[in-house]
Amino acid sequence: MFGYCSDPSALDGLVWLSCYLTSGKHMAFYASFGTVMLLLAITAPAALLFGFGGAVAARSAFWPLRILGKAYSAMVRGIPDIVFFLFVPIALDQAFEWMRHKALCPEWEAPVRQGNDFVVCVEAKLPLSASPQWVHESYGFALAVLAFSIVFGAFAANVFYGAMRTVPRAQLETAQAYGMTERQSFWRVLIPQMWIYALPGLSNLWMILIKATPLLFLLGVEDIVYWARELGGSKTSIYAYPHPDWRLYYFLALLVFYLALTRVSEIALARLTARLSRGQATMAGEALRKAAV
Amino acid sequence: MKKLILGTAALALSAGMALAQDVVRLGTEGAYPPYNFINDNGEVDGFERELGDELCARAALTCEWVTNDWDSIIPNLVSGNYDTIIAGMSITAERREVVDFTQGYTPPSPSAYAALSDDVDLTGGVIASQTGTIQANYVVDTGATLVEFPTLDEALAAVRNGEADAVILDKDSLAPAVNESGGEMMFVGEDIALGEGIGMAFRKSDPDLRATFDAAIQSMKDDGTLNDLITKWLGEDSPRF
């Protein structure tokens, strides 16, 4: 990074540290914080969508859909996360490749499964072997986002399902009395009032999601925990910046990061709760009403 | 005429296939110096980086480096995420059942125990090693208590902080840590010969690519460049061809 860094072995003290902390590897470490934030930013809305879909399906009057919604949340919640994270991306990847293989290489005769090997034609590879590394990394990241969304969506589905049932029955009956159709009362009365009941459960999920991001490394995405372990491990002089075991310092930095993220989330969620409580038939809503008088 | 067009199309297609196949993805661990490690620029470096690049140059292939956790390095090869493993992997009968190896690019190299003192109990004590290595298998046979770690560095750290009495892995990869510990760590006991040398692993369904690399390794053995690489990265004491 700096001009004087060309020969790290000749440096010491703060100068050495300034070079060390700006090495290419550290840049990758800093960038991985962005990876984690990006994962959170995409996964949270995606999981909400999955959860909402699951909850609506589970409440459906059409029984196959109802079974599907309930099975989704029961199955995914019942399977250990790690098993799921290891299985889903590999299974999804092979499923995509198998479909592309069938579509793109109809003349291929060799079996796809040869003993332990999973062999598809070159054109069906996802991503193509010839594509640059960043495509492979984005693909791995996308699979990770999908796996996270499916898992956290199942938990969110259960939260939404409970929240939808908690909205006072009288509200829905009143809506019907006003002549609203099923659909109208669902979107105009049930959904707006559901959020306040869903929020405590969803905020729990968000906190757990923040702490689950190190699972990314299981899926081959190099996240902050991977880099902290890699950078902190003791380095012999084969590396440009040899040092003893510094994992403690790196993990302390991660601790600060996660605590800060948790604190910021708490503040944001508290504001959201206050906002959603406005005009609701809950104790918090009542308190807001009294304060306003 | 129609046949001719079809034939041309097929030819063009297969040419395209050959072109796409020319990028070979090399899978490595990136945490096993001096064989393979991530250097301070964030790139794969080490003995196998230089070896792999040279092999690809000789075979006229475009190669791309991929890092993968040691634990899942074979499953990801057979499911096609990369085309070969070049990660300090010893050739063993057990691994041969799942993947095919080239000839070894190192001679069978010794494994060794490293510990903080020379009076540790190697057959009754607690011995650290890396998960899924031939050394870990060996420890089980000696009757010692085995503790496994995902990486070399963590296995070494376990000995430094007293969690394990000694660590056993490839002598070449323990040597830098032992030599630079300032006398804190030392090799204990006799060297042990395990495995049949280190080779590149391929899918069983990929014999052509394996043959290509096998020939390239042979050519490096023949002109002595492989020995030079071994001396450069693994040290003067490491066995050569």
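Are helix 2 of chain B and helix 9 of chain B roughly parallel or roughly antiparallel to each other?

Analyst: The model is predicted: local features need pLDDT of at least 70, side-chain atom pairs count only at pLDDT 80 or more, and totals for chains, interfaces and linings use all residues. Residues are numbered from 1 along each chain as its sequence is written, while chains are lettered from A and ligands numbered from 1 in the order in which they are written.

Start with the pair. Helix 2 of chain B spans residues 47-58, and helix 9 of chain B spans residues 225-234. Helices here are DSSP runs of H or I with at least four residues, strands are runs of E with at least two, and both are numbered from the N terminus. The two axes come within 9 Å and cross at roughly 155°. Axes are lines fitted to C-alpha atoms, for helices over the stretch in contact, and angles run from 0 to 180 degrees between N-to-C directions. Helix 2 and helix 9 of chain B are therefore roughly antiparallel to each other. The cut-offs are under 35 degrees for roughly parallel, over 145 for roughly antiparallel, 65 to 115 for roughly perpendicular, and oblique for the rest.

Their crossing is right-handed. That term applies if the near helix is turned clockwise from the far one by less than a right angle; anticlockwise is left-handed. Helix 2 of chain B brings Phe47(B), Glu50(B) and Leu51(B) to the contact, and helix 9 of chain B brings Leu229(B), Trp233(B) and Leu234(B). Contact means that the C-beta atoms, placed from the backbone, lie within 7 Å. By class, the helix 2 and helix 9 contact of chain B has 5 nonpolar, no polar and 1 charged residues. Ala, Val, Leu, Ile, Met, Phe, Trp, Tyr, Cys and Pro count as nonpolar, Asp, Glu, Lys and Arg as charged, and the others, Gly among them, as polar.

Ala60(B) is found in the loop between helix 2 and strand 5 of chain B. Its phi is positive, about 55°, although Ala60(B) is not a glycine.

Strands pair if DSSP finds at least two bridges between them. Inside the sheet, strand 6 (residues 84-85) and strand 13 (residues 201-202) of chain B pair in the antiparallel sense over 2 bridges. Ile85(B) has Ala201(B) as its bridge partner in strand 13 of chain B.

A further open sheet of 5 strands has the order 10-9-11-8-12 (chain B), and its pairing is mixed. Strand 10 (145-149) and strand 12 (186-193) of chain B are at the edges; each has a single partner strand, so one side of each is left without a neighbour in the sheet. The twist averages 25° from one strand to the next. Strand 9 (residues 126-130) and strand 11 (residues 166-170) of chain B run parallel, joined by 2 bridges. Ala128(B) has Val167(B) as its bridge partner in strand 11 of chain B.

Helices pack on this sheet too. Helix 6 (residues 152-160) of chain B touches strand 8, strand 9, strand 10 and strand 11 of chain B, and its direction makes about 155° with that of strand 11. Helix 5 (residues 134-142) of chain B lies across strands including strand 8 (110-115) and strand 12 of chain B, at about 155° to strand 9.

One last step takes us to the neighbouring chain. Here 27 residues of chain B are in contact with 30 residues of chain A. Helix 1 (2-21), strand 1 (23-28), helix 6 and helix 7 (171-179) of chain B each give two or more residues to this side of chain B. That side has 12 nonpolar, 8 polar and 7 charged residues.

Finally, the record. An unreviewed UniProt entry places "domain: Solute-binding protein family 3/N-terminal" at residues 23-237 of chain B. UniProt positions follow the numbering used here, feature names are shortened, and annotations may be inferred rather than shown by experiment. That span is 35% helix and 25% strand, and its end C-alpha atoms lie 35 Å apart.

Notes
Two residues are in contact if their C-beta atoms, placed from the backbone, lie within 7 Å.
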